[in-house]
Amino acid sequence: MPLPKPDCPRKPMHNRSIQVHSFEREDGLWDLEAELIDDKSYSYIKRNGTEQPARKPFHHMHIRITIDTSYEIKQAFAMYDASPFGEPCTSVTSAYQDLVGMNLLKSFRQQVKERFGRTAGCTHMTEL
């Protein structure tokens, strides 16, 4: 059911798109691929003084996990196409290899929070 029409004029500001796709592999494993894209509907000046054009993603990230039939993670890859702070954000991609061995059905969220909380991971990547 769609939302009711707004009762007041408004203008678009922030846009977030999250897509998740699953694939059955020929080797009996499954790939789950997720992508997150954030952009603004307007141009703005970033902290470093450069302009961020409207609709150009400032977050654009991907993660793929490969699981077996018991939901254990066998492989994990994380990549960035865009991040607002550059290296401090993108330098954590290899840390997501630590997802390997976790099980999606056995305290997964808690394990992820413990492993990737604070500065050990990226909030947005961890949400994916």
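Asp38 is buried, with a relative accessible area of 1%, where buried means under 20% relative accessible area, exposed over 50% and partly exposed in between (1.4 Å probe, protein chains only). The model is predicted, and local features need pLDDT of at least 70, side-chain atom pairs count only at pLDDT 80 or more, and totals for chains, interfaces and linings use all residues. Residues are numbered from 1 along each chain as its sequence is written, and side-chain values use heavy atoms, with hydrogens and water left out. The points below cover the sheet, the salt bridges, the aromatic pairs and the nonpolar core.

**Sheet and strand pairing**

- Four strands form an open sheet in the order β1-β2-β5-β6, with antiparallel pairing; strands (E, at least two residues) and helices (H or I, at least four) are DSSP runs numbered from the N terminus, and two strands pair if DSSP finds at least two bridges between them.
- The edge strands of this sheet are β1 and β6, each of which pairs on one side only.
- On average, neighbouring strands of the sheet are turned by 10 degrees against each other, direction ignored, the axes being lines fitted to C-alpha atoms (for helices over the stretch in contact) and angles running from 0 to 180 degrees between N-to-C directions.
- Strands β1 and β2 pair in the antiparallel sense over 11 bridges; Gln19 has Glu35 in β2 as its bridge partner, and His14 has Lys40 in β2.
- The hairpin of β1 and β2 has five residues between the strands, and Gly28 there takes a positive phi near 90 degrees.
- Strand β2 is also joined to β5 (residues 59-67) by nine bridges, the two running antiparallel, and the bridge partner of Trp30 in β5 is Ile67.
- His60 is found in strand β5 and is buried, with a relative accessible area of 15%.
- Leaving aside neighbours within four places in sequence, His60 is in contact with Glu35, Leu36, Ile37, Met79, Tyr80, Asp81 and Ala82, where contact means heavy atoms within 4.5 Å.

**Salt bridges**

- A search of the whole structure finds eight salt bridges, each defined as a side-chain nitrogen of Lys or Arg within 4 Å of a carboxyl oxygen of Asp or Glu.
- One of them links Asp38 with Arg16, the closest N and O atoms being 2.7 Å apart.
- Asp38 lies in strand β2 (residues 30-40) and Arg16 in strand β1 (residues 14-24), so this pair ties together parts that are 22 residues apart in sequence.
- In contrast to buried Asp38, Arg16 counts as partly exposed at 46% relative accessibility.
- Lys74 forms a salt bridge with Asp68, where the closest N and O atoms are 3.6 Å apart, and the side chains of Glu72 and Lys74 also meet in a salt bridge (3.3 Å, N to O).
- Of these residues, Lys74 is partly exposed with a relative accessible area of 37%, Glu72 is partly exposed at 27%, and Asp68 is buried at 14%.
- A network of salt bridges links Arg25, Asp27 and Asp31.

**Aromatic pairs**

- Two aromatic pairs are found in a search of the whole structure; rings of Phe, Tyr and Trp (its six-membered ring) pair if their centres lie within 6.5 Å, and planes under 30 degrees apart count as stacked, over 60 as edge-to-face and the rest as tilted.
- The ring centres of Tyr96 and Phe116 are 4.4 Å apart and the planes stand at 5 degrees, so this pair is stacked.
- Tyr96 lies in the loop between α1 (87-90) and α2 (108-116), whereas Phe116 lies in helix α2, so the pair ties together parts that are 20 residues apart in sequence.
- Both Tyr96 and Phe116 are buried.

**Nonpolar core**

- The largest nonpolar core has 19 residues, of which Ile63, Ile73, Tyr96, Leu99, Phe116, Cys122 and Met125 touch the most other members; such a core is a set of buried Ala, Val, Leu, Ile, Met, Phe, Trp, Tyr and Cys residues joined through side-chain atoms within 4.5 Å.
- At least two residues of this core are supplied by each of β2, β5, β6 (73-82) and α2.
- With neighbours within four places in sequence left aside, Tyr96 is in contact with Ile63, Ala76, Ala78, Phe116, Gly121, Cys122, Met125 and Thr126.
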